[in-house]
Amino acid sequence: MGDYHFVYKDVDGASTQWDDIQRKLGNLPPKPPAFKPPPFTPAEDQDSKPKDKAWIDGKTEEELEDLEDYENLDDDRFLKEYRKKRLVEMREAVKVARFGSVIPISGSDFVREVSQAPTDVWVVVLLYKDGYPECGLLLQCLEELATKYPSTKFVKIISTDCIPNYPDRNLPTLLVYNNGAVKANYVGLHNFGRRCTSEGVALVLCASDPVLNDGQSGGAASREAVLQGVRKRFIEKVVTDHEDVDDGSSSD
């Protein structure tokens with residue numbers, strides 16, 4: 001016959017008189033609080049939430065596309081039009097954020113990433129090597145420009161991966177490509193002024209061609225607006241640096 005063991009357990013949180021006496025004497029730890037389940041909160045009905053501009057703004061592109069067949073939206077002309085507007089804005093934002101950073105490439109990537117880039121894309125190529133302060137400074141400037149002008153493609157490649165036996169004395173070097181051809185090249189950091197800044201690099205890049213593109217719009221007017229912005233930021237930077245020098249001199 002099997003040996004059966006039974007364990008009897010009282011209601012959770014219950015205590016005997018003996019246990020209470022022992023707790024008063026300090027022979028037992030304090031009685032744990034009785035378990036209380038969390039209050040029941042019914043799930044929020046998404047269809048009952050107010051449908052307004054903020055509701056549309058909180059949707060992803062995929063969710064906005066799914067709303068095309070949403071019956072409750074048919075009765076609200078404003079939301080229906082605003083949904084379409086948000087979809088257009090999101091798709092345009094994707095186009096603008098085409099690049100937005102300095103992309104590292106290898107020698108085997110060069111033809112695909114640079115020579116075969118779309119004809120409407122300007123490509124700025126940095127030839128560099130790690131451990132060279134001048135290369136690091138120019139790379140920092142290009143990273144700033146890549147963020148400001150996401151429709152211009154910025155890439156970096158180790159110099160000897162791009163051109164075998166390329167002299168280190170020529171570093172850093174910038175090559176500017178468009179439509180598969182080299183449009184400009186800048187050998188050495190001195191091309192960008194006594195103090196290399198992103199504003200100075202931008203001004204040099206746009207000296208003869210519309211290299212920088214913020215992706216906001218096309219046409220000659222847009223390119224001129226970008227160039228005017230580059231010139232304005234360069235002048236502001238020069239003035240600011242000059243004022244900082246004057247302040248430093250006066251404090252001495």
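I began with the surface: the protein exposes about 17,000 Å², of which carbon and sulfur atoms supply 52%, the areas coming from the Shrake-Rupley method with a 1.4 Å probe and, for residues, with only the protein chains shown as cover. I noted that this is a predicted model, in which local features need pLDDT of at least 70 and side-chain atom pairs count only at pLDDT 80 or more, while totals for chains, interfaces and linings use all residues. Residues are numbered from 1 along each chain as its sequence is written, and side-chain values use heavy atoms, with hydrogens and water left out.

I then looked up burial and found that 32% of the 252 residues are buried, where buried means under 20% relative accessible area, exposed over 50% and partly exposed in between (1.4 Å probe, protein chains only).

For the secondary structure I recorded nine helices and five strands, taken as DSSP runs numbered from the N terminus (helices H or I, at least four residues; strands E, at least two). Read from the N terminus, the order is α-α-α-α-β-α-β-α-β-α-β-β-α-α. Of the contacts (heavy atoms within 4.5 Å) with a separation of 6 or more, 65% are between residues 24 or more positions apart.

Helix 6 (residues 133-148) packs against helix 8 (residues 198-205) at an angle of about 70 degrees, and their axes are 9 Å apart; the axes are lines fitted to C-alpha atoms, for helices over the stretch in contact, with angles from 0 to 180 degrees between N-to-C directions. The two helices are therefore roughly perpendicular, a class that covers 65 to 115 degrees, with under 35 as roughly parallel, over 145 as roughly antiparallel and the rest as oblique. From helix 6, Leu138, Cys141, Leu142, Glu144, Leu145 and Lys148 take part, and they meet Ser198, Glu199, Val201, Ala202 and Leu205 of helix 8.

I also searched for aromatic pairs, meaning rings of Phe, Tyr and Trp (its six-membered ring) with centres within 6.5 Å, called stacked with planes under 30 degrees apart, edge-to-face over 60 and tilted for the rest, and found two.

What does Ser159 touch, leaving aside residues up to four places away in sequence? I listed Leu127, Tyr128, Lys129, Tyr166 and Leu171. Ser159 itself lies in helix 7 (residues 159-162) and counts as buried at 0% relative accessibility.

Lastly I checked the backbone. Leu171 and Pro172 are joined by a cis peptide bond with omega about -10 degrees, and Pro172 sits in the loop between helix 7 and strand 4. Asn165 lies in the loop between helix 7 and strand 4 and, although not a glycine, has a positive phi of about 65 degrees; at 74% relative accessibility Asn165 counts as exposed. Asn179, in the loop between strand 4 and strand 5 (181-187), has a positive phi near 55 degrees and is exposed, with a relative accessible area of 52%.
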